[in-house]
Amino acid sequence: AMVALKRIPEAIDAFKRYLDVECSIPAYQGLLGCCLAIQRFDEVVKIVRDLERKLPKNSKATIAVGMALSQIPSYWPVAEDKLRSLIDSFQAPVSACVAVSNILEFSNKRDEAIKSIRRWSKSRPNTQLFNRCGDLYLKKEEYYKALCQYGDALSVDATSERAVKGITNAETEMGNGNE
């Protein structure tokens, strides 16, 4: 891990050199990831502004911006706004849904996170979304609802270890007299 961390500045330089030649969203994503890994948040904001200036109205660029900003608490409202607009128009990956739910949860809006995930999972049934919703219900100590979400996750992917673990945790809590 230390070797990898020591190589991040080299990777940053390489991404910047590449971006001087060609505007590439994957290169921007790599650069943002490196800067986030070593917590250079001021650099992330500069990169985000550059990306938005070079590729305005590009949904993939907006996703990269939203995902990067979702890692910086002071930019959560901006990230949530950017990602929600693409989620609602079905242009964002499931990871963007999870990022918004994380922002909501850490902003003490767990109920809103659950409501959003449930709405999104109706239009795009996905193991990751069902599991995320189950996890949120577990934290709220609503074990029956958690079981239902984990069951939905298993109906999409019968090999979901996270769903099996969630079901086990919920059943254990219910067996201990909770709910």
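Let me begin with a term: two residues are in contact when they have heavy atoms within 4.5 Å of each other. Helices (H or I, at least four residues) and strands (E, at least two) are DSSP runs, numbered from the N terminus.

Two remarks on the source are in order. This is a predicted model, in which local features need pLDDT of at least 70 and side-chain atom pairs count only at pLDDT 80 or more, while totals for chains, interfaces and linings use all residues. Residues are numbered from 1 along each chain as its sequence is written, and side-chain values use heavy atoms, with hydrogens and water left out.

I turn to the chain as a whole. The protein chain has 10 helices and 0 strands, and its pattern along the sequence reads α-α-α-α-α-α-α-α-α-α. Taken along the principal axes, the C-alpha atoms fill a box of roughly 60 × 40 × 30 Å. Of the 179 residues, 42% are buried; buried means under 20% relative accessible area, exposed over 50%, and partly exposed in between, with a 1.4 Å probe and protein chains only. Among contacts with a separation of 6 or more, 49% join residues 24 or more positions apart.

Next, helix α5. This helix covers residues 76-88, 13 residues in total, and reaches 18 Å from its first C-alpha to its last, close to the 18 Å expected at 1.5 Å a residue. That expected span is 1.5 Å times one less than the number of residues. Which residues of α5 are buried? They are W76, A79, E80, L83, R84, L86 and I87. Seen down the axis of α5, these buried residues fall within an arc of 165°, so they line one face of the helix; the arc is that of the directions from the helix axis to the C-beta atoms. As a general point, an α-helix has 3.6 residues a turn, so residues three or four places apart point the same way. On the other side of α5, P77 and D81 are exposed. What covers the buried residues of α5 includes α4, α6 (94-106) and α7 (110-123).

Of these neighbours, I shall consider α4. The axes of α4 and α5 come within 8 Å and cross at roughly 145°, where axes are lines fitted to C-alpha atoms, for helices over the stretch in contact, and angles run from 0 to 180 degrees between N-to-C directions. On the α4 side, the contact is made by S59, T62, I63, V65, G66, M67 and L69, and on the α5 side by W76, V78, A79, K82, L83 and L86.

Some backbone details follow. Just after α5, F90 takes a positive phi of about 60°. Q39, in the loop between α2 (25-37) and α3 (41-54), has a positive phi of about 55° although it is not a glycine. Q39 counts as exposed, at 58% relative accessibility. K57 lies in the loop between α3 and α4 (59-69). K57 is likewise not a glycine, yet has a positive phi of about 60°, and counts as exposed at 87% relative accessibility.

Finally, the cysteines. How many disulfides are there? The count is 0, a disulfide being a pair of cysteine sulfur atoms within 2.5 Å. The sulfur of C34 has its closest cysteine sulfur in C35, 6.8 Å away, which is too far for a bond. C34 is buried, with a relative accessible area of 11%, and C35 is buried at 0%.
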